[in-house]
Structures are given as C-alpha cells and as structure tokens.
Amino acid sequence: MADEKKIGAYLCKGCGLGDRLDISALKVVAEREGKAAIVREHDFLCDASGVAMIQADIDTQGVNRVAIAACSRRAKTEAFGFANVAVSRANLREGVIWVRPDTDENRETTQEMATDYVRMACVEAKFMNPPDANKAATYNRQLLVVGGGVSGLTSAIEAARAGYNVTIVEKGAELGGIAAQLYRQVPEHSPYSDPQDTGVAELINAVSNHKNITVHTRSSIAETDGAPGRFVVQIAAESGTSETKTFGAILQATGFTAHDISHLPVYGYKTSPDIITQFELEQLTKAAGGDIIKRPSDGKQVASVAFVQCAGQRSEQEGHLSYCSGHCCSTSIKQAMYFKNANPAIDTNIIYTDLRTPGAGGEDFYRSGQHKGVTFTKGQVTSVKAEGGGVSVKFKDLILNEDTEEKVDLVVLANGMVPNSGLNIDDPTSAEKPKSASILNLTYRQGRDLPQLKYGFNDSHFICFPYETRRTGIYAAGPVRRPMDIAQTKEDATGATLKAIQAIENAALGRAAHPRSGDLSFPSFKKEGCTQCKRCTVECPFGAIDEDAQRFPVFNESRCRRCGTCMGACPVRVISFENYSVDSVGQQIKNIDIPEEFDEKPRILMLACENDAYPALDMAAMNRQEYSAFVRVIPVRCLGSVNLIWITDALNSGFDGVMMMGCKKGDNYQCHFVKGSELAHMRMSKVDDTLKTLSLETERVVTHEIAITDIHRLPQLINEMASTILRIGMSPLKF
Amino acid sequence: MNDTSKPIDAIRKMSMSAGNTAMIERYRNHFLKEVTDNVEEGEWVNMCMQCGVCAGSCPLGNAWAHPPQEIFMMIRAGKREEVLTSDSMWMCTSCYNCIVRCPRKLPITHIMHGLARYAERLGLAPKNQPTRKFAMMFWDNITKTGRANEVTLGIRLYFMHGFVNGIKTALKMLPVGLSMIKTKRMSPLGLVAHSGCKGKNDITKLLKKAREIEEARMKKY
Amino acid sequence: MAKKQYSFYPGCSSEKNASASNYMTSVHAMCDVLDVQLNEIPDWNCCGASVGYAGGGELERLILSARNLAISEQEHKGQDVVATCAACWLATRETKERLESDNQLMRDANQALAEIGLKYEAKQNVRHMVEVLIEDFGYDKLGEKVKKPLEGLKVAGYVGCQTNRPFGIDGESYENPKYLDKLVETMGAEPLGNYDKKVQCCGGALAFSEPEKSQAMIKDIIESAYDHGADIIATPCPVCQMNVEIYQDQINKTYSKNFKMPVVYYSTLMSVAYGKGHRESGLDGQIIPATKLEKFAAK
C-alpha cells in the first residue's frame, strides 16, 4: 500500500440531496477542511457511471482513501465496496435530509449537519487503513466432534458429506448415546401420529462406513490449544495412549444426563421398582421387544399407568431444575402409546400442569394421543407412593380444584435433562465439585470449557445467534446447548456444523466469523506503552487474548470477533484496528464544529452501536421521523469499543451532551458481542467523576439500551436530550 | 313407546331409572367410554386440551356451576352422577361462541346438548330446571303438529311453575303479549286455529322410525 | 336480469300472526324489487331449532330438517334452499352437512324417510337470505336499486349468534363480521362500525326460561347501541329481533332505564330504501315504532 494518503471525496446529488443541500459549499468543505485531493459531485453516485468515476480515480489518480457523502453506510454497500482502499461514509440522506424538515428556517442547521458529516468522513478516511488479512491464517479442513450421540453423529455425517474430514471423540464404548437406548422416538414426519424408529442404527452405520470419519471411542480430550484453523488437540484413550491432531473447528455435542430425582421424596423414586423414570421405561420396553412391559415388582401385566410430568423440573424449589426440558410431554405421550397401541384397554393418564409439545408435529402428536384414548389430567402431583400392591398418586386436580388420588400399576416420572457442559468457568470452585470434569481442557486464559449462559447450558446468544458460543470456532449442538428432543437435535447439529464449516473457511482467509463475518481487520497492539494491566485479556468476551510469560497480551486473531472491546478497555490506548481506532473516531469528534455559546446551537455527540442503534436511526429516517439538528452521530462497532478518551475529549472541546446507544444488556442481553453493552454501562458509571472534575452536570452524558425496533423511541431520546441541554444550559467549556 | 302422540310421556316411560342402572352396570367406572358411546359427539370429549376458552367465551358463563372445560374434566375423572344431574348444560343458549373459538374444534355446543339429552333419557336431568322444561315443551309442541305454535307454547311456559306462578308470569307478560297481538305478530286464535303441517301423520311416523333406529344404535354398544 | 328462483324455507316464526311475520313482509317487498322468486317448500315442518335437543335425539332432530330438504329436492329441482330465519338456516344446513359427511347417518335418515316415501340425497345448497344478497347480487347491485338512500340514519348492526356461528357468512370473521354494516352502508345509512355488542348473545330461547339472565344481556346490547349514538338496531335474526325489541319495558323497570330503541331487520331497511311503503316494509309490525325510518318510508 502506498504510504501517501490521497483522499477522494465524492458528493452525491441524488435522492433529493442536491435539492436540499448546498452541494458546492460542501465541496469546498471537503477540499479545504477535509483536505481531499479530489472532490467530485455526481447526480446519482451509486449508479454505474458514479461508481466508475470513483474507480477511475482509484485506478489512475492514486486515490486510496475514499470519502462518500451520500446515504447511510448501511445502504449501497456493494456499489461502494471498493477493493484495497479505505472507504468512509458521510450519511447525508438518512442522517440529515430525511430527519430534518424541508423549510427555510431549518435550512441553515440542516446544512451545518451536512458540513460536519462531510468533514468527519474525510478525516475518518484519513485515519483509516485498508485492512489486510491475517497473515498467519491457516486452512485446516478437519472437524473435531466431541460426543458420539445423535448430535455428534449428525454433525459428523453432515460435515463428511460436505467434503470435510471428521474425527469423533466419544467417551463411551459405543456410538449412539442415549438415543440408542430408546425403543422408539417421537415422530418427525407427518402425520405425527405414532412413535417411529429412532434411526440411530442407520446413523451409526453411515458414520462407521464413511471414509472421511475417524472414530475414537473410550476417549476424551486431554488438551485443546490454538485457534480456529489451527486447533491442536490431544485425544487421550482410556487405554492410556494419546494422540495429537490438528483441527480447523470443533463441535461440542456432549449431550445430557438424566436429572437424578432420588433425593426428592415427593416422587417416591427408588422407593419402589414400580416407580420409574421415562428413560427406564424406554429400556424396559426395548428389552421387552416392544411387548407391554410387565410390572417390575411382581411381573404382573400392567393395566394402568400414570405419567407424572415435570417431576423435579420447572420449579424453583431446592433440588428441582428451574427450566423445562422440552421433550418430556411428547415423550410421555409416546410412551402412553406404547401401552395403548398394544392394548387400548390399558388406562394411561398423563398428569401435567402445563402440557407443551413443541415442534411442527407436536400438537398433532398430542391429538393423536387423545384419539388413542390417552387421558390428560391437569394436576399438581403431591405424592407418589407404593401402596397395597400398586402405586398411589395423589394430586390436586387444577381444573376441578380438588385433591384426588389415583391407584395404578406403574408410575413413570418425567425427570428432565441436565447438560454435560463441563466446568463452569465463571465459578472458581467448579473443578472441585463432584462429577465435574473439563470436556475440552482449553488452554485459554479465560477457562478450560465453553462459557455457560443459563442453567449450565453452553449457549451463547439465544436471541440472535443460537449456534454461536463465546469461543470462536467452537460450536455447541444438541442438548448441551439447550434442552431438546431428537428431531431438534438433528436440526441443531446440522446448523452448528454449517457454522463450523464457515469458521474453517473464514479462518483460512483470515476473516472474522459472525457477526462481523468477512471482516479482514484485526486488532494490532503496540507492546511499548502496554502496562500489562490485563483489562483486555479479562474483558474480551470471546477469550481471544491470552497472556505471555511477561503478562503481555497475546492476540489470537482467528478467535477474535473484531468487536473492539479490548480497544475500549485499554487505558493507554495501544490497541487499534487498521480501519477502526481511537484516532479514526477521536479525530471525527475533534472535527465537529462547535459553535460559540452565544449562537445557541448546542452540540450533542451520539456514539451509536452499528448493530441495533444505527440501523434503528436509519429506519427512523426512512419513516421521516424528525430529530434535533444539534446531534452528530458516529457509529461504533459495539458500545464495548468506546474508549473513555472520546467522551472526555468531547466534553473538553465543548460538546453540550453525549449519548451512548448500545444494545440490551443483562441476562437477556441482545449485545452482539455478549458483554460490550454491559461493559460500556459499567465504564460510563465512572464518567460522573470526570464530569464533576470538569464542573459539568451529570445529565450531560447518558447511556441507553436500544433495540433495533426502537425507531420511534430513538428520535424521542435525541429530542429529550436537546431539551435537557436547553434546561441546564450550554457547556461552559466552549472555546 | 308406541304412543308417540304424547312424546313427553313416551320419554318418561323410556327414561325410567332402569335405563340408568343398565348403563351404570355396563360401563362401571368408565364414564368417559359411556359418554363416547352414547352421547351425541361424545367421542370428542377426550380431545379437550383444557385451555378454558369455552368457559371464557360463554355468554352465560357465570351461570354455569361447571363450564364445559370442567364438564369435560369431570367426565374424564369419572364423575358420572355430578355431570348428568348438573344443570350446567341446560344453561347453553346455543350461541355457538365456544364452537368457533375452540382451538381443538370440539363441537362443544352439540356435546352440551348431547349430554343434556342423555341425562334426560336416563331420567337424571334436574326436573325443575326451567330450560329443561321449556325444551321438553318445545319438542312436544313442534312434534304434535309439525310446526311451532307460539301461543300454546307461551301459555304452557307461563304455567310451568304451577297455576299461581303462571298467572303472575302471564300478567307480567301481558303487555308484551298485547303489543304482539296489536302488531299482528301473535293471535289469540292460535289457541284453536293453528293448523300445523298437513302431513302431521307423516311426521309422527318419521319420528317414530328415527327413534327406533336411534335406540337400536345405542343398544349396539 | 332473469328472475332468480329459490326453494324457500320460511320457518314457524314467519307464519301469519307469528312473531316474525313482519320480517316476512319486508323480505317479500325486498325480493319483489330484486326480482327474486321464493318458492315455498310445500308443507314444510319445524326445523327443531336449537332448543329441541332435550326432547329429540340426534336423528330425530336431523330428520325434521331432512324431510324439508327431501321435499325441496323433489319439488324444486336445481334450486338452492334459502332460509330467512337464523335458527332454521343453521338447523337445515347442519342437517345437510352432517348427513353428507356421515354415511351411517345418511343411511339411517333415508331409512326413516322411506317410511313416508321420501329420499334425501343432499343435492341442494342450504343458504341464508343474506348469502343470496351478498353472493348472488353483491353490494354494488343491491345499491343500484336504492331509491331513497337512508341518509343520516345511524344503524347499530346487530348480527347476533346464529347467522354468524358456527357457519357464518363466507369470508367474514366470527368476532367482527362486516356484512351487515356493509349492507347498511349500501342502503345509504350510517353503520356504527364500532358497535361492540355486534355478536353478543341475546339469550335465544333462554329469554323464555331464564328471563333475568337473558335480559341482562339484552340490556347491554341496547345500551351499547345508545352509547354509539344509534337511531335504530338492525338484525338478520328473528329471535334477536324479538328478544331485543319486546322486553325493553321490562328491562326499563328492572334496570331503571329509559330504552325505546327500535329493532328492525336488514330487509326492513332495504324495503324502505327500495321505495316500499310503511306497511309493505313491515313497519306496522314494530312494537317500538321505527320513527326515523318511517319518515323515509313516508317520503
């Protein structure tokens, strides 16, 4: 790349820009203040001739920094996606003319907005470098699948069929997991009326016979090192032998364990052989070859069965799972059909508090059970006890509001599932807890297993990106990610496998994975100046940064999601991206014109997250929602990337207010980078001190959580900020 | 049974407690099965998913001791006596709101009618329930001549709770009746001059045959 | 346009000196303008209505309508069966659908019908008069016949239950059917689109057996019409018309109200708008005179 930076600024007159704005004046701004070497205007910049005009300047005039003053950076990305140059965008359409009234008295302030944005785009271009792909990128088409149950098998066969090599590591002696021990599964296909074969045998067969799949049974992962494209994994066999292999990506499909409810006396589990779990009924039925099972206690033909739903689940009581395991209602319906299909005279009663049969065919399957004469009783079970040669189930009928009792031959408990998710890396005592062992044994600074989100599941972001974990290139699939049945598991494993393949391909090209998929920039770090404070290594939501022996950060580019949280965290500002840095934003802030106090034109700086807040602003503009002309918006990759210096600089240079717009934080976060919004809120809580030092009112800096749907609320918030400034007065720090 | 000119008597004859005893004997505690076999649209009862939309949609919901949702649950729980002697089903106005709203498409209105009819057949329906009385009178009225005679029906209705009450009701209803007469929407001549269908004998024959077929069908179970 | 012919099932309440005789008067006036010929099913019998359930079993009730339908098939070949009463339409259509979809029931019904020399084959559609108006004419054509647009007349369209549920008019929602409002608008009157008791039950037959409970509902139906500024309530159902109109004095006493809300049929509005006079439109059958509508009739 040429050392000399040559800025070309291009002003569009289309979409009404030419009518609403004084384009010649803006040209002068780009030239004189933006220091653009070439400034051109065009009637429709995004059309073929406009694009060709810019490309010609790049090709023949040596333009390597392109500032486009037209529409939002979210519009016309293909037309303005010039290769090997840095491109900045002045948002004159969605950011200016669409949010301002077209009246004479507003013309001046509208033009001022445009003037600032043109100047900002030029200076941003100046401080950007075209990103270059990670030179250390490696292409490794090997996928590691941890776990050989339905999710692991599905993932392996899908990846192998797509042309990738797969290694399955399974702890047990056989493939197939829990599903292999079921008699039948809940139907996956129309008409969803009867239990169907699990198909696990065929799946095992297909996997065992595929030339691109290697299976290690009785084995576990002793260590996982590296990053996407270059994971180095030690596979340890029970026999004591060990093997080291490299992988491009990893899929964790370690499944679940049945919830142990023997400690909950209400269900009487283990007090009688006639009180069994759903899984035990499967085993008994399978052993009986599908015949009606005999009562375990005395071998009597079962004439009546009660199914107790949510046994030890969906309750905040001690020893209960607080979540729903999702499959149990359909499983009980299926099991009741085992009896009804063999002999319709057998009484089968499913006692539930809320019946849930998720999935496309769930409701049909429920109805099929009803057609077959399975009885459904809405009730809360209060005791299950062996009594007089049978089992007594006492429950409160929730429809008739009365306590009642049923005597049956057999009781089946829907006890739910607990994920096999390894260590809880957020709980330092996790490793000492009984039965807990690490699954992946990651060498990452931030812990040996995948982070857990809720209830111990290895999920990352259940709202926006269900397949992602917080460890790039490592994907969780099946019941380890959230409770699910076989059909959902297969779909989940297929989706996660596709993500793993994407990770392999992105890593090979040195590009970011989701959500900045395809981004070639990555953080660079100046060792001189680093104080080894470890904020970046601690705060990185994706565990991308390790530490070396001297405790300097070690960046693993292919683990990085390019959110910039490290850049926002760094107190000495030594972390930056080629095209996004403390300067590329800081200089924009410095180049916003601050009118004198007596002009009565306050200036509000808004740093808006590019994932939700900025698109919401664009949509507000499309709906012609007007907002104050005093605001200047700069998009940021994530609120987590906001460095405090931007705020203090802005306040020092006379801004009257600062607004920070991030995504929803907290337990049900919508932050695309998990922790960014949370961290920003935390960091900004310390701004109050800065404000006090500067003798400024605390209302001048606000942080908001914005959803992409907040297209009416956002303009409102801007206008509220403008009236706050009106109330508390202009900043005294204007020069 | 043969005397179809007096349908109410015929029903009473048939609905002796013997019929009830026979059903109890036949089905033991399987009331759900009894309902499935013998009640019009009764095979739908097991398809209820207990959402309660019917209960919330019924215009007279508050007047039901047990809304349809509960009735269905009681049938599943084997509460035979409580269901069949209940006056709940008799609160149905036939507005069909429950039917169109039921997410499981249960023909709830018809099931309620069917349960009421079944209770009546077995002699378990509450004797003095006003809608039951009116409904029986109505059937009697229309099957006599093939067409409804609003005048005789009205008068029998007023006197259904005895003579004194009848006079009271009639007096209360007098202004309504007079204005109906005034606007030619009722005629006192209906007492004597209502002719009904010409083919009223046909209708008698038809209903007799229909009942025979229906009785035979029920015996099958 | 050629005369349209239908096999007509008027039902008991439409007979001379019966409670909906005024409905019939207006239907005939309306049909006269629309050139519709209603061929009454010879010697039709009662449909059993809804409340017949206690005395009659399933087949007994269905067979009543099956007789009417069998006679219609025999006498009025190729015509649709049309009913004006909501309950008649419901019972007759239900019979057709149940017998058509259940072979056993159909065999049973025909076994009974054979006793009187009839046979039923479910060949004719069973329709409500409103369906004929909307589907065979359409709002535009119905509007063309208007001579006296009912300008300024505010009408609460009270659809009630049985023309709306369980079958309803094709394309309409059960919760908020619009056809009656559209008919009102077509006649030049002003429909009260937000009238919130549009599909509220009036008690039906229970107005006789449970007067207190029914009148509580009827009170709400009338009160809401007043709240929305209605001059008049219009309905497609004879039971609705009767229940809502005739008990207003009693309701006034019970609830200390001052109701005097006229209740007419859609066909009453149409007859008047089509230029028919007071008597031809059945306005003399109003217990509560429809004063504002009478003025249009007198024009």
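**Figure 1. The contact between chain A and chain B.** In this predicted model, the contact between the two chains is made by nine residues from chain A together with nine residues from chain B. On the side of chain B that touches chain A, four of these residues are nonpolar, three are polar and two are charged. Of the two pairs of chains that touch, however, it is chains B and C that have the most contacts. Chain A and chain C are joined by no contact, and their closest C-alpha atoms lie 19 Å apart.

**Figure 2. Domains 2 and 3 of chain A.** The domain assignment divides chain A into domain 1 (1-130), domain 2 (142-255 + 420-508) and domain 3 (259-416). Between the C-alpha centres of domain 2 and domain 3 of chain A there is a distance of 30 Å, and the contact between these two domains brings 18 residues of domain 2 together with 21 residues of domain 3. The side of domain 2 of chain A that touches domain 3 of chain A is made up of eleven nonpolar, four polar and three charged residues.

**Figure 3. The two domains of chain C.** For chain C, the domain assignment gives domain 1 (4-129) and domain 2 (147-298), with centres, taken over C-alpha atoms, that are 25 Å apart. Here 20 residues of domain 1 of chain C are in contact with 23 residues of domain 2 of chain C. Two helices of chain C, α1 (21-34) and α3 (86-101), each supply at least two residues of the side of domain 1 that touches domain 2, and the largest share of that side, nine residues, comes from α1(C). By residue type, this side of domain 1 of chain C divides into eleven nonpolar, eight polar and one charged.

**Figure 4. A parallel sheet in chain A.** Four strands of chain A form an open sheet with parallel pairing, in the order β27-β26-β28-β29. Because β27 (631-636) and β29 (701-705) of chain A stand at the edges and have a single partner strand each, one side of each is left without a neighbour in the sheet. On average, and with direction ignored, neighbouring strands of this sheet are turned by 20° against each other.

**Figure 5. Strands β26 and β28 of chain A, with helix α14.** Strand β26 (residues 604-609) of chain A pairs in the parallel sense with strand β28 (residues 657-662) of chain A over five bridges, and L607(A) stands opposite M660(A) in β28(A). Helix α14 (residues 613-622) of chain A lies across β26, β27 and β28 of chain A, and runs at about 110° to β26(A).

Technical notes. Residues are numbered from 1 along each chain as its sequence is written. Chains are lettered from A and ligands numbered from 1 in the order in which they are written. This is a predicted model: local features need pLDDT of at least 70, side-chain atom pairs count only at pLDDT 80 or more; totals for chains, interfaces and linings use all residues. Two residues are in contact if their C-beta atoms, placed from the backbone, lie within 7 Å. Ala, Val, Leu, Ile, Met, Phe, Trp, Tyr, Cys and Pro count as nonpolar, Asp, Glu, Lys and Arg as charged, and the others, Gly among them, as polar. Domain bounds come from an automatic or database domain assignment. Two strands pair if DSSP finds at least two bridges between them. Axes are lines fitted to C-alpha atoms, for helices over the stretch in contact, and angles run from 0 to 180 degrees between N-to-C directions.
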